[in-house]
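Thanks for coming, everyone. Let me put the structure up, and then I'll walk you through it.

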Amino acid sequence: MSAPHYTHPDREREECVFEVRGVTKRFGDRAVLDDVSFWIPKGEFLCLVGPNGAGKSTLLKVCLGLLEPDAGTVRVPGAQLPDSRVLGYVPQRKSFARRFPAKVEELVAANLRGKWPLRLRAAEREATERALARVGAEHLWGKSLADLSGGETQRAFLARALVTEPKILILDEPEAGVDVMGRRELVEVLYQVSRSDELAAILVSHHPETIARTAERVLYLEHRVVAWGLPQELLGSAELAAISDPRLRSTRWDDDSRPPPVPARER
Amino acid sequence: MDWVVEPLSQAFMMRALICGAVVGGLCAAIGVFVVQRGMSFIGDGLAHAAFGGIALGLLLDIETANATWVALPFTVAIALGIGWGLRTGRLHGDVATGVFFSVSFALGVLFIGLRPPERAVVNVESILFGSILAVGETDLWVVTGVAAAAALVLALTWSRLAYATFDPELAQLSGVPVAALDYMLLALTAVVIVVSVKTVGIVLVSSFIVIPAAAAGLLARRLLGMTAVAVGIGVGGSFVGLLGSYHLDVASGATIILTLGATFFLALLVRR
């Protein structure tokens with residue numbers, strides 16, 4: 001079996017907005033991330049896939065600046081991390097949101113102000129309305145978080161991440177715990193967001209339909225970068241089969257079928 | 001109206017009502033954050049730590065009224081210790097509180113036992129169950145002063161504390177100093193508990209923190225509204241409970257807590 005070819009973004013033609021270089025993170029003796037390197041050009045939607053326990057959440061935490069890597073760097077040209085005006089973050093569905101007494105617009109505006117708002121100023125109100133409209137959630141204004149469905153909650157969190165007009169969006173399994181209808185709507189919203197030429201994103205997902213609909217490039221992580229290329233190169237490959245079917249989650253490529261290492265100039 | 005006016009004509013009742021309202025309102029305002037963070041048990045833990053501090057003061061031959069000044073740093077140190085254990089992931093919330101709770105209380109019993117027999121007998125019951133009717137003018141000034149300082153700190157940090165309570169990770173990404181606020185909330189809770197012990201006692205003080213906030217959580221749809229309702233319940237519960245205990249001639253601390261409890265169950269019935 002010949003080694004598959006993967007297509008990386010062209011560094012000489014495209015503007016880099018986010019770069020992870022040689023990141024290693026150990027917990028005790030275990031290297032959860034091992035010399036991970038990739039970069040994202042402006043406007044590109046990168047889907048991060050891999051089996052459970054492959055280090056995806058750890059990588060996101062390092063990218064966000066919540067975890068310090070043991071080696072390597074995370075860089076946004078022209079910005080100092082962490083900065084919520086540069087990186088927008090959508091966490092996994094938050095169950096706590098049901099017991100915290102808050103309105104949707106407060107959640108969104110809190111990210112603008114950097115503290116919980118007592119009252120929205122005119123500019124904050126406008127920005128919040130814009131962010132909610134961008135994710136098709138204008139109707140959620142005035143609603144309590146406790147009254148939202150799973151899909152609505154995630155759309156509110158997506159609006160929260162977009163309200164600062166970040167350069168890069170980081171989404172950690174936004175569709176997890178959302179019912180089928182909610183997930184379908186959420187994927188459509190993510191698709192609309194992914195079409196932006198300005199906003200780059202890293203999306204962690206286990207759902208092939210989300211990946212197929214939004215990914216402009218796919219990175220398969222299993223503690224290290226196993227594959228990094230265009231969706232059509234990876235969709236249907238052994239890697240995606242491994243994560244979409246639990247019975248195949250432990251599937252590994254044979255050594256001779258692994259993709260070529262990431263070229264040095266890309267690292 | 002006589003039911004209200006008659007007790008107010010007596011100085012000791014006036015002091016008790018003011019003290020109860022101040023403590024009830026402040027405990028409720030802090031309780032909103034404690035309850036939202038799922039740390040309701042911490043009030044009990046710190047109250048028992050305060051007992052260890054008061055007993056240490058008594059062992060050092062300090063009068064019961066002034067032993068608060070020993071209990072204050074003692075309880076704050078315990079609160080910060082719990083905070084450190086939680087933040088470093090060495091302890092889980094209930095384990096940290098449970099261990100400090102029992103060790104501090106045992107230390108308190110030991111300290112009281114170690115006092116030379118010739119010293120005056122300590123009224124442990126008043127420490128455990130409070131004596132709001134015995135609040136003197138000096139006590140009232142201390143409680144009011146500490147409460148004003150605590151309320152100011154809370155007001156200045158409220159918005160950031162609220163964000164960190166909603167989600168520490170998201171708050172940290174927005175530049176909120178989450179770790180510092182965690183320690184501050186624990187220290188503030190410790191201070192408020194120590195000054196409140198005089199009024200409702202160690203056994204009941206955590207109810208002042210938990211019940212109004214829990215009842216308000218059932219009714220309010222915004223955190224600011226929840227805080228306002230909790231403070232209203234804390235102040236109103238103290239007032240009604242005290243007046244009730246005066247007319248029924250029963251223990252004031254217990255009556256206040258039962259009034260707050262009744263409010264909670266009422267809120268449960270009419271919850272949103």
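Ground rules. This is a predicted model, where local features need pLDDT of at least 70 and side-chain atom pairs count only at pLDDT 80 or more, while totals for chains, interfaces and linings use all residues. Residues are numbered from 1 along each chain as its sequence is written, chains are lettered from A and ligands numbered from 1 in the order written, and side-chain values use heavy atoms, leaving out hydrogens and water.

Sheet first. Chain A has an open sheet of three strands, in the order 2-1-4, with antiparallel pairing. Strands here are DSSP runs of E, at least two residues, and helices are runs of H or I, at least four, numbered from the N terminus. Two strands pair if DSSP finds at least two bridges between them. Strand 2 (30-41) and strand 4 (71-75) of chain A are the edges, each pairing on one side only. Strand 1 of chain A, residues 16-27, is joined to strand 2 of chain A by eight bridges. In that pairing, Phe18(A) stands opposite Ile40(A).

Arg75(A) meets Glu19(A), at 3.2 Å from N to O. The rule is a side-chain nitrogen of Lys or Arg within 4 Å of a carboxyl oxygen of Asp or Glu. Arg75(A) sits in strand 4 of chain A and Glu19(A) in strand 1 of chain A, 56 residues apart.

Now the interface. How many residues does each chain bring to the contact? Chain B gives 23 and chain A gives 30, with contact meaning heavy atoms within 4.5 Å. About 2,400 Å² is buried between the chains, and carbon and sulfur atoms give 58% of that. Buried area is the accessible area (1.4 Å probe) that two parts lose on being put together, summed over both. In chain B, Phe166(B), Leu173(B) and Arg221(B) lose the most area to chain A, together 31% of what that side buries.

What about charge? Three salt bridges run between chain B and chain A. Arg222(B) forms a salt bridge with Glu106(A), with the closest N and O atoms 2.8 Å apart. Four helices of chain B each give two or more residues to the side touching chain A: helix 2 (11-36), helix 7 (137-166), helix 8 (168-173) and helix 10 (223-248). Helix 7 of chain B gives the most, with seven residues.
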